[in-house]
Amino acid sequence: MSPQKIVLRYSANISNQPIIYSLIKTYDLEVNIVKANVNPQKEGLLVLEINGDGEHYDQGIAYLKKLGVIIQPMESEVVQNKEKCIMCGACTGICPTKALYLERPSMEVRFDPEKCIVCKLCVRICPMKAMELGV
Amino acid sequence: MQKTYAEINAKIKSGEAVVMTAEELINLVEEKGIQEATQEVDVVTTGTFAPMCSSGVFLNFGHSNPKMKMSKVWLNNIPAYAGIAAVDAYLGATELPEDDPLNSKHPGQFRYGGGHLIEELVAGKEIELKATAYGTDCYPRTELSTTITLDDLNEAILFNPRNCYQNYNCAINTTDKTIYTYMGMLKEKMGNATYSTAGQLSPLLKDPYLRTIGLGTKIFLGGGIGYVAWNGTQHFPSMQTDSQGNELGASGGTLALIGDLKQMSPKWIKGTSYLGYGATLSLAVGIPIPLLNEEITKYAAKKDEDLYTQVIDYGKDYPNHIPSKYPMVSYAQLKSGEITVEGKKIPTAPLSSYSKAKEIANILKDWIKSGEFLLTEPVKAFANPDNHVKSKTLKIK
């Protein structure tokens, strides 16, 4: 199986569950935490890169879903609303992974979801509110 | 050689005019030189699509029954200035709803303001109108609450006191913390740089001495036709030079623009939000430059490599009126995605859409080529870099 990048969202009552520990220990998966925003009182957000046996991966995902964790493939997280985007390029200077970049010489804004780590800086700063969080 | 507006307009009407975007002219001049390009080309089109805060719209609501002298007006809870005649009001692009949290939780979001409301009006959306008045014998009504659309209004006149900055600063932040400005989010310790000009496509950079752009110049404005109404506020055009006196492009000129909002398009007039700063309006403007003589061609063909702007520290210097000690950088450098300041490589990002500027220049080119859009000779010339108009600072007495 090629490494899978996924976004996990879960409510505060799940945040006491040892989900990372279980993925590694019980399901024998290699877990790399790309981004984590975890607070016992709030909704948690984890961006994980998971590697390992495909069957184990499916079992691990089933375990998370059973707990009530919402799982999304990462590219569906941040989306460029092309109707709203005026291709100014404001996002390209702050995107930490160059997932948002200007194609030259056309100077059109391009978004490479593969590189996006869902830091959401672009969502906050886009002057046209064209960078959105997908569901 | 010297061409006249009448000659060029005659060619436009007969479909023989040669029209090019400023980008295309650059290539032609490189290939054939200024003299031949001046003979060959009649009109060059420019474009820009960027936030322009000093924008707004005069609205006339028509009279209700009984009549009312509106003294306070709100549109979707955004106050409009009503200190003019009975049912006239001016809604500014940076005005915010009365219940906006502003920067109370810094940085504020400013997701909705006057610019967004203007975009919604242009898109034909229904807007809530509230008004209050003290009541007079001729205008007895003291309050009203209703909804309006653009079609319901007698007039909606976009009138922008300061648009189309000739050139604009490149912003950096040398402090130890991220700041939120009208030049976007600026990361600490020169973490990024922003700029806001279309460079070689930008109208006033291509006519630095305002030889063809003046009072009455007909333009592309917000997808419709508009006019240059006056020089803009803070119009202080100057020619930048290096220490040897070589020209580095002009800076400081501005234009006041006017046009009928009813014929504009929501594609070209967009509400805009700057985190921690405020709401504004991004506006599409395209201005034709007739190549009347070789001097005009020479400037219209200036490239990103020839046009410079000043790097300014918005963390320390800009708020405190301190002259910049940072270098000038060319638009070619800025557009490459990286500049070097004091030995540090800084990623750059534009706030002005170059690709849309190009689209605007191409639309205006098509309008002129179709024979429908004729050029207007300015009724009055504005101050140019030779006039050395200087800005005044406000003294706190």
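Colleague: How many residues of chain A are in contact with chain B, and what makes a pair of residues count as a contact?

Modeller: On the chain A side there are 22 residues, and they touch 28 residues of chain B. Contact means heavy atoms within 4.5 Å. Bear in mind that this is a predicted model, where local features need pLDDT of at least 70, side-chain atom pairs count only at pLDDT 80 or more, and totals for chains, interfaces and linings use all residues; side-chain values use heavy atoms, leaving out hydrogens and water. Residues are numbered from 1 along each chain as its sequence is written, while chains are lettered from A and ligands numbered from 1 in the order in which they are written.

Colleague: What is the area buried between chain A and chain B?

Modeller: About 2000 Å², with carbon and sulfur atoms giving 61% of it. Buried area is the accessible area (1.4 Å probe) that two parts lose on being put together, summed over both, so the figure covers both sides. On the chain A side, Ile86(A), Met107(A) and Arg124(A) lose the most area to chain B, together 27% of what that side buries.

Colleague: Why is Lys129(A) called buried?

Modeller: Buried means under 20% relative accessible area (exposed is over 50%, partly exposed in between; 1.4 Å probe, protein chains only). Lys129(A) has 9% relative accessibility, so this lysine counts as buried. Its phi is positive as well, near 55 degrees, in a residue other than glycine. You will find Lys129(A) in the loop between helix 3 (121-125) and strand 8 (131-133) of chain A.

Colleague: And how do you know that Met190(B) is buried?

Modeller: Its relative accessible area is 10%, so Met190(B) is buried. Met190(B) also has a positive phi near 55 degrees without being a glycine, and it lies in the loop between strand 13 (184-186) and strand 14 (193-195) of chain B.

Colleague: What makes helix 3 of chain B mostly covered?

Modeller: Eight of the nine residues of that helix (114-122) are buried. Among them are His116(B), Leu117(B) and Glu119(B). Gly124(B), which follows the helix, has a positive phi near 85 degrees.

Colleague: How do you know that strand 15 and strand 16 of chain B pair?

Modeller: Two strands pair if DSSP finds at least two bridges between them. Strand 15 (218-221) and strand 16 (224-231) have four, in the antiparallel sense, so they meet that condition. Lys218(B) stands opposite Tyr227(B) there, and in the hairpin, with two residues between the strands, Gly222(B) has a positive phi near 60 degrees. Strand 15 also pairs with strand 21 (278-286), antiparallel over two bridges; Leu221(B) has Val285(B) as its bridge partner.

Colleague: What covers the description of strand 15 as having both faces covered?

Modeller: Lys218(B) and Phe220(B) on one side, and Ile219(B) and Leu221(B) on the other, are all buried. In a regular strand the side chains alternate between the two faces of the sheet.

Colleague: What makes strand 1 and strand 22 of chain B edge strands?

Modeller: Strand 1 (19-21) and strand 22 (288-290) each pair on one side only. They belong to an open, mixed sheet of three strands in the order 1-2-22. Three bridges join strand 2 (43-45) to strand 22, running antiparallel, and Val43(B) stands opposite Pro290(B).
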